[in-house]
Amino acid sequence: MARRTKEDALATRHSLLDAAERVFSEKGVSRSSLNDIALAAGTTRGAIYWHFKDKADLFNAMMDRITLPMEDALQQMGREPGRDPLDDLRRAVLDVLGKMVHDPATHRVFEVASYKVEYVGEALAIKSRHLEARQDCMAEMTRSLQAAAQLRGVTLRLPVQAAVIGLHALLDGLIQNWLLSPEAFDVVSVGEQTLDTYLAGLGFKAAST
């Protein structure tokens with residue numbers, strides 16, 4: 001019975017996160033109420049408060065469900081013996097772009113995070129989580145670029161902090177521009193070309209495919 005109750009609670013949590021994705025996507029975060037989300041999930045506000053502290057907590061859990069696997073992949077870049085950290089970094093970036101294109105939930109959540117949330121009032125907690133995720137991502141990029149430069153005997157043509165800011169801006173810009181108009185360009189193909197050009201500009205030879 002206890003196992004069944006735990007399974008039911010997990011199913012309810014996922015149902016609420018699914019509903020939050022849909023409602024936030026349709027109405028925007030600031031115009032979405034917990035009642036809207038409960039109704040979309042076929043449950044009550046009480047069920048939401050059982051699983052989440054408030055709307056910001058629900059939003060962050062929705063984001064984490066999509067982004068934590070990506071963050072885990074970033075943390076593993078270049079850590080396995082014999083692996084090239086630059087190849088791992090390149091693959092991780094292209095995997096993020098590919099998942100955004102091919103996985104509807106990832107597309108929807110990225111769109112909400114980019115264009116349908118305002119960092120005011122209760123959503124300030126969302127901004128804190130966004131900043132934390134950005135810092136973690138940039139820290140892993142820093143580690144990977146430094147390890148790749150050492151492994152390949154490359155002297156970076158920019159200070160590593162500037163190189164990482166530029167790389168993160170490249171990825172962020174590709175994501176946001178594609179989300180505005182997905183039919184405008186092939187984000188994976190363009191992402192691969194621009195990423196390789198940027199890495200070459202830092203002093204790395206053409207990345208392996």
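Start by selecting Thr67, His130, Ala133, His168 and Asp172: of the 29 residues lining the largest pocket, these lie nearest its centre. Before you click further, note that this is a predicted model, where local features need pLDDT of at least 70 and side-chain atom pairs count only at pLDDT 80 or more, while totals for chains, interfaces and linings use all residues. Residues are numbered from 1 along each chain as its sequence is written, and side-chain values use heavy atoms, with hydrogens and water left out.

What counts as a pocket here? On a 1 Å grid over the protein atoms alone, a pocket is an open set of points with protein on both sides within 12 Å along at least five of seven lines, a cavity is a set where a 1.4 Å probe fits but cannot get out, and lining residues have an atom within 4 Å of a point. The largest pocket holds about 760 Å³ of space (the space filled by probe spheres set on the points, with points joined across faces, edges and corners).

Now colour by helix (DSSP runs of H or I, at least four residues, numbered from the N terminus). Helix H4 (55-75), helix H5 (85-102), H6, helix H7 (124-152) and H8 each supply at least two lining residues to the pocket, and H7 has the largest share, with nine. By class, that lining has 17 nonpolar, six polar and six charged residues.

Next, select Val93, Leu167, Leu170, Leu171, Leu174, Gly191, Thr194 and Leu195, which line the largest cavity. Helix H8 (160-180) and helix H9 (187-202) each give two or more residues to this lining, and H8 gives the most, with four. The volume of this cavity is about 30 Å³.

Move on to H6, residues 104-115. Which of its residues are buried (under 20% relative accessible area, 1.4 Å probe, protein chains only)? They are Ala105, Thr106, Val109, Phe110, Val112 and Ala113. These cover an arc of only 160° around the axis, so they sit on the same side of H6 (the arc uses directions from the helix axis to the C-beta atoms).

Last stop: show the rings of Phe24 and Phe59. The model has one aromatic pair (Phe, Tyr or Trp rings, the six-membered one for Trp, with centres within 6.5 Å; planes under 30 degrees apart are stacked, over 60 edge-to-face, the rest tilted). The centres of Phe24 and Phe59 are 5.8 Å apart and their planes are at 50°, so the pair is tilted. Phe24 is in helix H1 (residues 2-27) and Phe59 in helix H4, 35 residues apart. Both Phe24 and Phe59 are buried.

Note on methods. Buried < 20%, exposed > 50% of the residue type's maximum accessible area, 1.4 Å probe, protein only. Nonpolar A, V, L, I, M, F, W, Y, C, P; charged D, E, K, R; others polar.
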